[in-house]
Amino acid sequence: MIRLLTQADEKMILEYLKRNEIATSFLYANIIEFGIDNIRDTRRCADYYGFFDGEVLKGILPFYNLGSCIPHYEDDEAIPLFAELMKDRKFEFLLGMSKVIKPLYEKIKGHKEIWEYDESYYFINKAFKPFILDEINFINVNEINSEDIVDFIVDARANGFNQTVTREDIRETLAQRGKEEEFIIAEKNNKMVAQACVQVYTHRTNQIGSVYTIKEERGKGYCKAIVSQMCTRIIARGKVPTLSVKKNNIPAVKAYTTLGFEYYDDYLIVRLN
């Protein structure tokens with residue numbers, strides 16, 4: 001059976017997320033911050049569909065207002081039911097652990113126009129090795145209201161992630177970040193050169209994302225330094241840093257492994273047109 005989940009299902013949903021903590025980190029953070037019932041003008045809210053084996057929740061399929069779909073299931077019987085819903089819904093990103101996403105992708109790829117298919121590694125860091133660059137200042141975006149910062153993030157989305165967003169999109173996204181979801185920018189000689197953030201969190205982990213260095217400053221260690229700084233902050237909260245990185249991004253893979261990150265699982269991000 002599959003049905004739309006509501007706030008009344010919160011207890012069983014949180015029990016499900018606890019059983020699958022790392023693989024469902026996006027769901028956990030968004031539900032903790034914004035609840036289960038969909039608030040249509042809130043980007044991080046979703047229609048959450050649950051797959052049940054009798055009375056037991058065995059899978060969750062969310063369609064977020066910001067345009068992403070991040071499903072998870074414990075029972076393969078959820079795959080055809082989830083796929084039928086996904087064929088009829090519009091979303092831009094399908095992402096999650098490859099062993100979960102690939103079977104769904106195979107079911108829907110003939111019904112969607114695929115723009116990008118990025119195979120990634122999911123890394124976890126339980127043996128952190130800090131890296132520090134001199135004369136780097138870290139700006140906490142959550143605490144500063146600056147149009148220059150908004151412009152930097154807009155440019156990062158365009159040049160680093162091939163995403164077109166407006167300044168208002170970024171303001172709204174920043175306004176909806178949770179207290180634990182830090183966003184920092186590295187500054188050298190009063191010039192913003194790199195960024196990173198905590199994308200989502202669970203009660204044990206913080207997932208790092210949106211890592212970007214401006215083109216003319218790459219190869220100087222800024223990416224490694226800002227991720228190191230983010231790891232330091234995460235560990236100070238008593239949590240474990242995690243992140244995903246494209247398999248073909250060899251410089252980033254090398255930088256992260258020298259910081260102590262280790263392979264956890266394969267990760268898949270599919271972008272639909």
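**View 1. Contacts between domain 1 and domain 2.** In this predicted model, 18 residues of domain 1 touch 20 residues of domain 2, contact meaning heavy atoms within 4.5 Å. Domain 1 covers 2-112 and domain 2 covers 136-266; the bounds come from an automatic or database domain assignment. Their C-alpha centres lie 25 Å apart.

Residues are numbered from 1 along each chain as its sequence is written. Local features need pLDDT of at least 70, side-chain atom pairs count only at pLDDT 80 or more, and totals for chains, interfaces and linings use all residues, while side-chain values use heavy atoms, without hydrogens or water.

**View 2. The area buried between the domains.** About 1,800 Å² is buried between domain 1 and domain 2, and carbon and sulfur atoms give 53% of this. Buried area is the accessible area (1.4 Å probe) that two parts lose on being put together, summed over both. Glu21, Ile22 and Arg43 supply 35% of the area that domain 1 buries against domain 2, more than any other three residues.

**View 3. Strand E13 and its partners.** Strands are DSSP runs (E, at least two residues), numbered from the N terminus; two strands pair if DSSP finds at least two bridges between them. Strand E13 (residues 261-272) runs antiparallel to strand E6 (residues 93-97), with 5 bridges. Here Phe93 stands opposite Arg271. Strand E7 (residues 114-125) also pairs with E13 in the antiparallel sense, over 11 bridges. Glu119 stands opposite Leu268 in E13.

Technical notes. Helices (H or I, at least four residues) and strands (E, at least two) are DSSP runs, numbered from the N terminus.
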